[in-house]
Amino acid sequence: MEDTPGNGAGSMLNLKNVTFSYSSGSKIFDDISINIDTDAITAVAGRNGTGKTTLTRLIMGIIHPQSGVIEFDGKLISDKPSYVLAKNIGYVFQNPDHQLFAATVYDEAAYAPMQLGMETKQIRECVDGALAATGLSEKAHLMPQTLSLGDKQRLSIASALAAKPRILILDEPTSGQDCRERTVLLRLMRKLNSTGLGIILVTHDMDILAEHADKMIVLADKKIAYAGTPRQLFADEEKTVKLGLELPEAAVIAAEMGLELCLTPAELYGKMAVWREKNA
Amino acid sequence: MIKKAIGKSSDLRWITITTLLLAIGVILRIISPNLGGISLNWNIVMYATAILLCRPSPRQGLGIGIVSGIIATMTSKAALPYANLISDPVAAFICALLVRWCVFDIKLGRLQIEPLVIIFITTFISGGIFVTLTKVVLSLPMPLYLYAMLPAVLLVAALGSAAGQLLYFPAARIFNNDGINKKAFFLQNIDLTISKGEFFVLTGVNGSGKTSLLLSLAGAKPSYLGGFKNSDIHIDDIDIVKARPEILNNQTGLVMADYEAQLVTETVDDEIAFSLENKGMLPQQIIEKQHDVLKKVGLENMGGRKVTSLSGGQKQRLVIAAVLAMDTPILALDEPVAAVDPEGAKEIYDLLYRLNKEDGKTIIVAEHDLKYVLDIASHMAVIDKGQLKFSGEKQVCLEYMYTNKIYPEVIPLRWKIRREMGQEVC
C-alpha cells in the first residue's frame, strides 16, 4: 500500500492547486493538491466545517474551483457541468430521504439511467443489476418511503449504481443506522469496491474508517492536513487529536493495555490472545 | 415548539371530531322515529361522545354545548325550543368537567362503561333543565311535569346512554387511532419504572420501538396520537395518557432525533425565549433564563447568532438549552448524537452527565451507539420488536444482553473486553 494516495499507476482523480470559496465567504480550500486512487476506498475526514462536503461537490462538478484544475483519468473535468460527470461519479446523500422521490424502488433506481438517455433494455439491465447488488430485488415494487432506514440507504446506493459510475461518493452513509444495518452497508461497500468501483467515504466514525478505508485524507485549515494510510496517522496519537479526530476504540483500548497499535476489534482480539499467553 | 405543535394539532382534532359528530347527530335526530312523543336525543349523545373522545377543557365543552344548543333550537319541534340554549351549554360544560376529572373512569370487568354513565348524566341534566324551563315558562301542571316529562327524560337518557356506549367504541377506533389500523399494538406488555435521578438508556435496533417508547414516556405519543389501550403511564401521580399537553410540558423536556425540526426561530436568544413567552414569563426573567441556560450548554455570548449559522453540535445543544429553560425535572432525548461529530457527541454527553449529577435531572436517552454512554449511564433497558427484553441496572442489563445474545453488536467493545479479561485491563 502506498503512503500517499494515488501516486501509483491506478490513480485517476487528481486535484491540482485547487482554491475554492463560496461567493459569500472566506476560502474553504487554499491551493490544495491531491491524487485519489479510485481503485481504493478513500476516506475523507476532518472537523465539521473543514470542507468535506465541499470537496465532494467539487469532484462532482456541482461547484467549480476558482483556480486550479481537477482531472479524471487524465482529462480535465473541473470545467464540465455536473450532468456530464454524473455518468462517472455517483453520490449518495447522508440522509436518504433527501434523494428518494419516485413511487417505487424500481423507478427510483431507474431515474438516473433514464436521465442519461439509456435505452429501455439497457435501463432494465442497469436497474436489475443495481438492485441485485444491493439486495433490493425483492423490494423493487415497494414504495421507497415505506422502507427501513438501512434499506433506504441501500436504495440510494442502488440509484447511484444504476448509472454505472466509476466512483461512488458516500457521505456519512452509516449515520443514524444501527449496528446491524451498518454492518450490511459496509459489507456492501467493500463488495462494490472489490468489483472495481472507487469509493470516496466521508465519515466521522474512526472505527469504520480504521476498519474499512485503504487510504484517508484529513482536511484542516483550508488544506489537506494528512494524506496516507489510516494506520500511519493513528500511530501518531498527538497528530490525530490535533486534527480533531479521535483514535478508533480498538486503538484506545490497545494503548491502555500496553499493546501495539490495533485498528480493528479483530486485530485487538488477536493481540490480546498473545498478551494473555504471555501473562498467563 | 413541541408544546405548540401538540396544542395546535389537538385544537384541530377536537373541533373536527365535534363538528362531524354534531352534524351526524342533527341528521339522526331528524330521521329517527318518534315513539309516543319520545325519541332519542342524538344531539346530546353525539356531543357527549365527542367530549369523551377529545377530553376538551370545560370552556371548550361549554362552546360545544352552545353550538349544539343553537342547532337544537333551530331544529326542535318542542313547545319551547329556546330552552335548548340553556340546557345544552350547561350539560356539555358539566360533561366536560366530569370527563376531565375522570370521575366515572370505571370498568365493568374489561368493559369501559364511562360513556354509559357520562351520556346518561349529560342527557338527564340537559333534558331535566329543558323540561323544567318548559314547565315554568309555559306554566304546565305539576303532575304532568312529575309523572310524564321527567320520566320521559329518564327514558331518553337511558336510551341515549345505551346508544352512546355502543357508538363509543367504533368512534374511538376511528378517531383515537393514528389513522393506521394495526392488527396488534406495537408496544406490548411493557412494564418499566424509571426512578428520579437516573441516567437511563433505552437501546434496541432501528424499528424496535425505542422512539415510540420514549415518546410515550414523555407523554407526547398518547397526547398527540392516541391509540393507547389498557395502558397506564404515570409521572409521579400524573396520568400521562390522559393529562393535557400543558401539564406534560412541565414534566418532560423532549429533544427529538431530528433536532432541526425543533428549531423555530431566527436567533439563539429567540429560540430560548419562545417557549418561555408562551408560558407567560416576564421579559426580565426570560433574559436571565436565556443567560443561565446558554451558559449551561456552553453557548454563552452566542445569543445574537442566527440559528442557521450554528454547527450541528451547537444546534443540538441549543435545543437542549431551550428545553432546559422550561425547568422540567425529566429530559428525554432521542439519539442526541446521531448527527453530530465525535467531538460534539462527547460535549453533549458531558453536558447530560452534568445535568444529571449536578442538577439532579432524570435523563432518558434512546440510543443505539452505547460507546459514549457506557461510563455515564446508571440504568439501561433493551427493547426488541416492541417488547421490553430487560430493564435494570446498566451492568446487569449489559450482562443479560451479552449472555442471552440480545442485540450483542451494540455492546461496546470496552465492556466486552472488561467482561472477558477483567475490569482492570482497560
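How are H3(A) and H4(A) oriented to each other? They are oblique, with axes that cross at roughly 130°. Keep in mind that this is a predicted model.

- Two packed helices are described by the angle between their axes and the distance between the axes.
- For helix H3 (residues 105-115) and helix H4 (residues 120-133) of chain A, the axes come within 9 Å.
- The crossing of H3(A) past H4(A) is right-handed.
- On the H3(A) side, the residues that meet H4(A) are A:Tyr106, A:Ala109, A:Ala110, A:Pro113 and A:Met114. Facing them from H4(A) are A:Ile123, A:Cys126, A:Val127, A:Ala130 and A:Leu131.
- Sorted by class, this contact holds 10 nonpolar residues, with no polar and no charged ones.

**The sheet in chain A**

- Chain A has an open sheet of six strands, ordered S6-S7-S8-S3-S9-S10, and its pairing is mixed.
- Strand S6 (89-92) and strand S10 (223-228) of chain A are at the edges with a single partner strand each, so one side of each has no neighbour in the sheet.
- On average, neighbouring strands here are turned by 20° against each other, direction ignored.
- Strand S7 (residues 167-171) and strand S8 (residues 198-202) of chain A run parallel and are joined by five bridges. In that pairing, A:Leu168 has A:Ile199 in S8(A) as its bridge partner.
- Helix H1 (residues 52-60) of chain A packs on this sheet, where it touches strand S3 (41-46), S6, S7, S8 and strand S9 (215-220) of chain A. The direction of H1 makes about 155° with that of S7(A).
- H6(A) packs on the sheet too, touching S3, S7 and S8 of chain A, and its direction makes about 150° with that of S8(A).
- S9(A) and S10(A) pair in the antiparallel sense, again over five bridges. A:Leu219 has A:Ile224 of S10(A) as its bridge partner.
- The hairpin of S9(A) and S10(A) has two residues between the strands, and A:Asp221 takes a positive phi near 50° there.

**Where the chains touch**

- The contact involves 22 residues of chain A and 20 residues of chain B.
- Helix H6 (179-194), helix H10 (249-256) and helix H11 (265-279) of chain A each supply at least two residues to chain A's side. H10(A) gives the most, with four residues.
- By class, the side of chain A that touches chain B has seven nonpolar, eight polar and seven charged residues.

**Chain B**

- Chain B contains 15 helices and 10 strands, and 40% of its 426 residues count as buried.
- Of the chain B contacts between residues at least 6 apart in sequence, 69% link residues at least 24 apart.
- Six strands of chain B make an open sheet with mixed pairing, in the order S6-S7-S8-S3-S9-S10. Strand S6 (252-255) and strand S10 (387-393) of chain B are its edge strands, each pairing on one side only.
- Strand S7 (residues 330-334) and strand S8 (residues 362-366) of chain B run parallel, joined by five bridges, and B:Leu333 stands opposite B:Val365 in S8(B).
- Helix H12 (residues 312-324) of chain B packs on the sheet, touching S6 and S7 of chain B, and its direction makes about 165° with that of S6(B).

Note on methods. Residues numbered from 1 in each chain as written. Chains lettered and ligands numbered in written order. Predicted model: local features only at pLDDT ≥ 70, side-chain atom pairs only at ≥ 80, totals over all residues. Axes fitted to C-alpha atoms, helices over the stretch in contact; angles between N-to-C directions. Parallel < 35°, antiparallel > 145°, perpendicular 65-115°, else oblique. Left-handed = near helix turned anticlockwise from the far one by under 90°. Contact = placed C-beta atoms within 7 Å. Nonpolar A, V, L, I, M, F, W, Y, C, P; charged D, E, K, R; others polar. Buried ≥ 20, exposed ≤ 12 C-beta atoms within 10 Å, placed from the backbone. Pairing = 2+ DSSP bridges.
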